[in-house]
Amino acid sequence: MIRHVALLSILVSLTGCGIFSPSDLPLSAGEKESGYTYVPVDPFPVIAKPGEGCENNQKPPRDRLLDSLPDNAVRMLVERFEADGGVTYGPSKVGGRGQSYRVTVDYINADTINKQVWIRRSFQDPKGERQYVRLLSKPGFSYVDGTEEFEIRGEAPEEGSKLDYHEFNIPIYVGVGLRVAANITVIGWNANISGISVIGAEAEANRVKGSLIVQTLGINGKSVAAALPIQSELNQTTAQNAIVAVSSIKAQLHTYNETVVSPRVVGLYLPFPGGKPLVNAIISELSQKPLKWKQQCLVQATGSTPNGSSSVSESDTR
């Protein structure tokens, strides 16, 4: 399905009529700081298929899911909410007075799959016609401010409609994880927003105000639910409680008889510049139908378990 999304460009007004020449336009803050970053997403399901090492094409048992997820990472994203309603991704460590941010820290145990998408980008020229341009290129023509649009396909366009579509591979993170997010507004002259615990201290000092969210990604169970804090107020105590809760749940991941884990899409890597509207369009297209993920099976090897029986080695069949 084609998703048409209008991206409001953050541009400096140089003329009264709203028509801009590309040679006159400096890079905006959003263009300088957006893209090339990890983007957390609200988790959505995947379809697990038998992968390498699975005999007779049988999917590995549910309690071996974590053995099929080779990567562990802690990733952080800062989203800055602009006055015009736009959202950009940036490396900000210090927030200015009146600015609003969302700071997200993810712990993920994940595998990576590459998803092909086809993107077509266009602008409206002064004559009211759509002109197409490559995603990573500047327009070579004058265009009307605020008319940038994207058309995104999750499948290859038909032969007759391939014109101006360009193929990209987007890394998608599939697995399980834990997320702590703070939605804040800076009320002091400035504030340090370099981490959740730091933000909690800044809230205690009345330099920021906001709320805190702790979320599991594909992880459930009685002990998991019991460990989640219920306070949403942001201060130093709740920030510390969030960190303790995440550590507690992380320690329970390999307790298979108590903790239920299910593979989910937990994030993606944005390999090119783009703001929130483009990211939302990509996520919308990806979530139209569950992504297929090949879950690897491990080979048997001699090892020692607590009861003295043989165990599965950490090696796979690759």
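A: Leu178 lies in strand β11; strands (E, at least two residues) and helices (H or I, at least four) are DSSP runs, numbered from the N terminus. This is a predicted model, in which local features need pLDDT of at least 70 and side-chain atom pairs count only at pLDDT 80 or more, while totals for chains, interfaces and linings use all residues. Residues are numbered from 1 along each chain as its sequence is written, and side-chain values use heavy atoms, with hydrogens and water left out.

Leu178 has a relative accessible area of 3%, so this residue counts as buried. Buried means under 20% relative accessible area, exposed over 50%, and partly exposed in between (1.4 Å probe, protein chains only). Leaving aside residues up to four places away in sequence, Leu178 touches Val105, Asp106 and Tyr107, then Gln215, Thr216, Leu217 and Ile219, and also Val246, Ile249 and Lys250. A contact here means heavy atoms within 4.5 Å. Ile219 is 41 residues from Leu178 in sequence, and the two C-alpha atoms are 8.2 Å apart in space.

A nonpolar core is a set of buried Ala, Val, Leu, Ile, Met, Phe, Trp, Tyr and Cys residues joined through side-chain atoms within 4.5 Å. The largest such core has 59 residues, and the members touching the most others are Ile172, Leu268, Phe272 and Ile282. Strand β11 (residues 166-186) gives this core ten residues, the most of any contributor. Leu268, with residues up to four places away in sequence not counted, has contacts that include Ile170, Pro171, Ile172 and Tyr173, as well as Thr37, Tyr38, Val39 and Val41. Ile282, Ile283 and Leu286 are also among the residues that Leu268 touches. A second, separate core has seven residues, among them Tyr38, Ala73, Ala110 and Val266.

Ser122 has Glu149 of β10 as its bridge partner. Five of the six residues of β10 (residues 148-153) are buried, so this strand is largely enclosed by the rest of the structure.

Side chains of opposite charge can pair when their charged atoms come close. The structure holds seven salt bridges, each a side-chain nitrogen of Lys or Arg within 4 Å of a carboxyl oxygen of Asp or Glu. One of them joins Glu149 to Arg130 (3.8 Å, N to O). Glu149 is in β10 and Arg130 in strand β8 (residues 130-133), so this pair ties together parts that are 19 residues apart in sequence. Glu149 is partly exposed at 27% relative accessibility, and Arg130 is partly exposed with a relative accessible area of 27%.

Another salt bridge joins Arg102 and Glu79, with the closest N and O atoms 3.5 Å apart. Arg102 belongs to β7 and Glu79 to strand β4 (residues 71-81), so the pair connects parts 23 residues apart in sequence. Glu79 is buried, at a relative accessible area of 4%, whereas Arg102 is partly exposed at 27%.

The search of the whole structure finds one disulfide, defined as a pair of cysteine sulfur atoms within 2.5 Å. Cys54 and Cys297 form this bond, with their sulfur atoms 2.0 Å apart. The S-S torsion is about 95°, so the disulfide is right-handed. Cys54 sits in the loop between β3 (37-50) and β4, and Cys297 in the loop between β17 (291-295) and β18 (298-301), so the pair links distant parts of the chain, 243 residues apart. Both cysteines are buried.

The mean pLDDT, the predictor's confidence in each residue from 0 to 100, is 78 for the protein chain, and 79% of its residues reach 70 or more. Strand β13 (residues 208-217) has the highest mean, 94, and strand β2 (residues 19-20) the lowest, 32. pLDDT stays under 50 over residues 1-32 and over residues 300-318. Where pLDDT is low, the predicted coordinates should not be read in detail.

Note on methods: Pairing = 2+ DSSP bridges.
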